[in-house]
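Please consult the sequence and the model while reading.

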Amino acid sequence: MSLDPEILSRIQFAFVVSFHILFPAFTIGLASWLAMCEGLYLATSRDVFRRLYQFWVKIFAVSFGMGVVSGIVMSFQFGTNWSVFAEATAPVLGPLFSYEVLTAFFLEATFLGIMLFGWNKVGPRLHFFATAMVAIGTMLSAFWILSANSWMHTPDGFELRDGIFYPVDWFKIVFNPSFPYRLVHMVLAAYLTTAFVILGVGAWYRLRDTAHESARVMLMMGVGFVSIVTPLQIVAGDFHGLKTLEYQPAKIAAMEAHWDTERGAALALFAWPDSAAETNHFEIAIPNLASLILTHEWNGELVGLKDFPRSERPPVAPIFFSFRIMVGLGILMLIAGMSGLWLAWRRRLFDTPWYHRYLVAMTPSGFIAVLAGWITTEIGRQPYTVYGLLRTSDSVSPVGAPSVLATLVTFVVVYGIVFGAGLYYILRVVRTGPERPPVDPKPDPYATPARPLSYPNESVGERS
């Protein structure tokens with residue numbers, strides 16, 4: 001692989017988008033978790049929900065900020081490294097990104113200040129309304145961004161004139177064929193990402209024997225959530241796979257490292273794909289299972305990679321392995337949910353150390369699964385930026401390799417400093433833990449914190 005401008009631009013965009021996608025994947029679910037905690041506090045007056053809200057809102061603030069910063073940097077890439085792509089798709093993608101800013105980011109920006117700084121300055125119901133609006137704003141952001149991304153995979157509702165995509169039917173553009181499946185799959189993935197972070201933190205407190213009531217609530221609510229959502233995610237993934245097979249059969253063939261068109265195709269549990277030799281080495285496969293999963297028929301036909309010209313095939317090995325990482329983590333998530341339900345039924349959810357260690361180990365599972373799924377999706381789109389219509393090699397800006405390499409190195413250094421600092425702050429908040437249960441006299445829950453990491457009614461220097 002030579003370090004030409006196209007390869008460097010692809011590496012740079014992959015690096016930037018991989019950082020960025022982690023934060024929306026976390027904050028979409030975390031915003032809803034915060035709205036739920038505050039709503040339960042207003043409905044039940046149980047102080048533990050207030051303490052959980054004020055604990056997680058600090059983490060949300062840092063994560064949201066890093067998500068915005070990394071998103072802005074990512075948008076610059078279209079103009080600097082992908083100007084041909086930007087010019088060709090601007091009539092379609094420009095309005096979609098503008099809708100995201102107008103309907104989602106403005107909504108989040110308007111109410112974020114009330115959410116973060118208005119706890120003791122506005123009424124409880126108005127504050128809850130602001131939190132709910134921020135949660136809705138994160139969902140709207142996902143709606144528009146995934147609509148734009150899905151259009152690049154399954155373009156529809158346009159006409160192509162002189163190399164420029166002009167909109168013809170906005171309904172078909174927004175609700176392009178893969179969009180509903182991709183939206184559901186991604187939103188559920190975001191919720192699972194947040195749920196496993198909350199579960200991991202709650203389990204860590206149980207292992208440390210601290211934050212007892214907060215940890216119990218996190219474990220109980222987290223287990224209930226992943227027990228329901230993980231099976232739904234598996235079903236959503238199945239529907240998404242069927243739609244991908246219909247519109248991007250080469251991607252499906254690469255995901256399965258399936259070379260020859262055949263009926264009753266086997267599912268490769270493990271293999272070492274060899275694109276040059278068009279075969280798999282060290283393959284362990286289950287007969288007919290790939291056809292059953294992908295066509296819902298025991299002897300369904302799967303098109304092999306050899307039916308596509310080499311110039312039309314995506315890279316096989318990274319797609320094959322990233323897809324298996326995503327699916328493997330999904331199975332581990334399902335085990336976590338079902339085990340938690342069984343332990344809750346046996347009244348052992350809060351005092352089973354092996355399960356708590358398992359949940360701590362699963363804390364980053366959602367992030368890794370999202371990244372693996374993103375790699376599967378985006379590398380599977382190659383060699384196109386707009387599938388079947390605009391090749392990646394024709395989308396790149398006429399810039400030299402030294403310029404792209406210099407900015408890539410700069411991004412790596414700056415991201416390491418900025419996001420390293422953000423991660424350090426988040427870990428410090430987690431290590432500090434939620435506020436301790438109130439003691440008599442009961443403190444005012446809407447009092448002003450003494451410092452950013454302190455809690456209402458806590459004096460500076462009182463807490464270690």
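## Surface patch

Leu269, Phe270, Trp272, Phe282, Ile284 and Ile286 make a nonpolar surface patch of about 650 Å². Patch residues have over 30% relative accessible area and no salt bridge; like charges are joined within 9 Å, and nonpolar side chains (Val, Leu, Ile, Met, Phe, Trp, Tyr) within 5 Å. Accessible areas come from the Shrake-Rupley method with a 1.4 Å probe, and for residues only the protein chains shown count as cover.

The model is predicted: local features need pLDDT of at least 70, side-chain atom pairs count only at pLDDT 80 or more, and totals for chains, interfaces and linings use all residues. Residues are numbered from 1 along each chain as its sequence is written, and side-chain values use heavy atoms, with hydrogens and water left out.

At least two residues of the nonpolar patch come from each of strand 4 (267-274) and strand 5 (279-286). Helices (H or I, at least four residues) and strands (E, at least two) are DSSP runs, numbered from the N terminus. Phe270 belongs to strand 4 and is partly exposed, because its relative accessibility is 40%. The classes are buried (under 20% relative accessible area), exposed (over 50%) and partly exposed (in between), with a 1.4 Å probe and protein chains only.

## Salt bridges

A salt bridge is a side-chain nitrogen of Lys or Arg within 4 Å of a carboxyl oxygen of Asp or Glu. By this rule, the count is 15 salt bridges.

| Pair | N to O distance |
|---|---|
| Glu159 and Arg161 | 2.1 Å |
| Lys243 and Glu246 | 3.3 Å |
| Arg391 and Glu312 | 2.9 Å |

Arg391 lies in strand 8 (residues 390-391) and Glu312 in the loop between strand 6 (301-302) and helix 10 (316-345), so this pair ties together parts that are 79 residues apart in sequence. Arg391 is partly exposed at 24% relative accessible area, and Glu312 is partly exposed at 25%.

Lys243 and Glu246 are three residues apart in helix 7 (residues 212-247), which means that about one helical turn separates them. Lys243 is buried at 17% relative accessibility, whereas Glu246 is exposed at 52%. In the remaining pair, Glu159 is partly exposed at 35%, and Arg161 is partly exposed at 39%.

A network of salt bridges also links Arg46, Asp47, Arg50, Arg51, Glu213 and Glu435.

## Helix packing

Two packed helices are described by the angle between their axes and the distance between the axes. The axes of helix 6 (residues 179-208) and helix 12 (residues 365-380) come within 7 Å and cross at roughly 155 degrees. Axes are lines fitted to C-alpha atoms, for helices over the stretch in contact, and angles run from 0 to 180 degrees between N-to-C directions. Helix 6 and helix 12 are therefore roughly antiparallel, a term for angles over 145 degrees. Contacts (heavy atoms within 4.5 Å) join residues of helix 6, including Arg182, Met186 and Phe196, to residues of helix 12, including Phe367 and Val370.

## Backbone features

Most residues other than glycine have a negative phi, and most peptide bonds are trans. Gln382 and Pro383 are joined by a cis peptide bond, with omega about 10 degrees. Pro383 sits in the loop between helix 12 and strand 7 (384-386).

His296, in the loop between helix 9 (289-295) and strand 6, has a positive phi near 60 degrees. Arg347 has a positive phi of about 60 degrees and is exposed at 76% relative accessibility.

Key
Angles under 35 degrees count as roughly parallel, over 145 as roughly antiparallel, 65 to 115 as roughly perpendicular and the rest as oblique.
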